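Here's a quick briefing on how two parts of one protein chain sit against each other. Have a look at the model first, then read on.

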Amino acid sequence: MKIDSITAIPLSFRFPEGQSVAMGIGTARKRDVIIVKVCTSDGLIGYGEAHPGRSPGAVASVINNTLGPLLLGMDACNVVGIWDLAHRMQLASHGLGAGAALALSGIDMALWDIRSKAAGMPLYRMLGGVSKRIPAYAGGVALGYQSPDNLADEAQSYVDQGYRAVKLRIGDTTSNDIARITAVRKALGSDIAILTDANTAYTLADVRRVMPALAELNVEWLEEPFACDDFASYRSAAQIDLRVPIAAGENHYTRYEFARLIEDRAVMIFQPDLSKTGGITEAMRIAALASAWRIPINPHSSAGGINMASTIHFLASIDNAGYFEACVSRVNPLRDLFGSPFEIGQDGCVAPQEKPGIGMDVDESVFSSFPLIEGLGFDKK
Ligand SMILES: [Mg+2]
């Protein structure tokens, strides 16, 4: 089963005026996804998803013009060998670093779709897992900066749908953040889990200021207080209050960067994104590394439905699975391009797809409705 072609299709949409969400990295104006299509010599087709890295045309070009030609003709089932060659030839030396990891992620995901289709199995079975209920939290581009009352109403609307956990956007002023979390805790009561995400907008002083309140309000984690490479601040923040663990990983790439996080013992909840960190092959390795340290995996899930469906299969296949990040964004057509990738139950859980492969029926006729939009995806802060 040889790889015949590898094609990246970048897709975008723009938020209608007034329909976006403000958070620690600014206000999103558009969102993008890169669909990766791999065809094999015996007629199988696999689809994966690569994160756009805020430059979707560039990442698509890495796939179409660099990694694609490198991998053509290889055995599509040889995901370990393909990963190794792409790492050696493109990531390890002079090769775009994170950009190449994004591109490789989408290709690797498409190869797992092919492997599972060839075996006639849903992806979770290929990964050694079993169909089961996976707890989900209401996340994605949602629960952003707004008045505490409005935020509490929005959070309540997700609990009404079945969610038992919600993730609030913080990283505003610390007093605004605390007022919002307090309002949501009051509205939802003590049984609903509250998670928080600063999207890298905090300083160490901010963390010192909010930590007592986060602990008091029983917040389950503080996500990405700092930039992904600010290892020193992460180490310091982990010592401030052991009751609130620090989470990170959506901006960390490959097992090598997660190994550094383990060595530092600062981040105690890992959030690799399958469409960023090196694909399913690499996410399984990261999960195994973390398992040895009893670190739970709560993956970041990005914009598109193929990555979301893959993430649920992944969570059903590892022994240190945490929550699935369910995108509850009010405006995200990229989530539902090929049908809904998940359904929240009254138990607050989701389940993996049952069809062979990742389980999303890709209809390429929808691509023309979401042409690539280049340019800035966020307002400048
Ligand atoms: Mg985040």
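Two residues count as being in contact here if their C-beta atoms, placed from the backbone, lie within 7 Å. Keep in mind that this is a predicted model.

**Domain layout and contact**
- On the contact count, 33 residues of domain 1 touch 35 residues of domain 2.

**The domain 1 side**
- Elements that give two or more residues to the side of domain 1 touching domain 2 are the strands S1 (3-14), S2 (22-23), S4 (30-40) and S5 (45-50), plus the helices H2 (79-91) and H3 (98-119).
- H3 gives the most to that side, with twelve residues.
- Sorted by class, that side of domain 1 has 22 nonpolar, seven polar and four charged residues.

**H3 against H10**
- The axes of H3 and helix H10 (residues 279-291) come within 6 Å and cross at roughly 95°.
- Angles of 65 to 115 degrees count as roughly perpendicular, and H3 and H10 are therefore roughly perpendicular to each other.
- From H3, the residues involved are Leu 104, Ser 105, Asp 108, Met 109 and Trp 112, and they meet Gly 279, Ile 280 and Thr 281 in H10.
- By class, this H3 and H10 contact has four nonpolar, three polar and one charged residues.

Notes
Residues are numbered from 1 along each chain as its sequence is written. This is a predicted model: local features need pLDDT of at least 70, side-chain atom pairs count only at pLDDT 80 or more; totals for chains, interfaces and linings use all residues. Helices (H or I, at least four residues) and strands (E, at least two) are DSSP runs, numbered from the N terminus. Ala, Val, Leu, Ile, Met, Phe, Trp, Tyr, Cys and Pro count as nonpolar, Asp, Glu, Lys and Arg as charged, and the others, Gly among them, as polar. Axes are lines fitted to C-alpha atoms, for helices over the stretch in contact, and angles run from 0 to 180 degrees between N-to-C directions. Angles under 35 degrees count as roughly parallel, over 145 as roughly antiparallel, 65 to 115 as roughly perpendicular and the rest as oblique.
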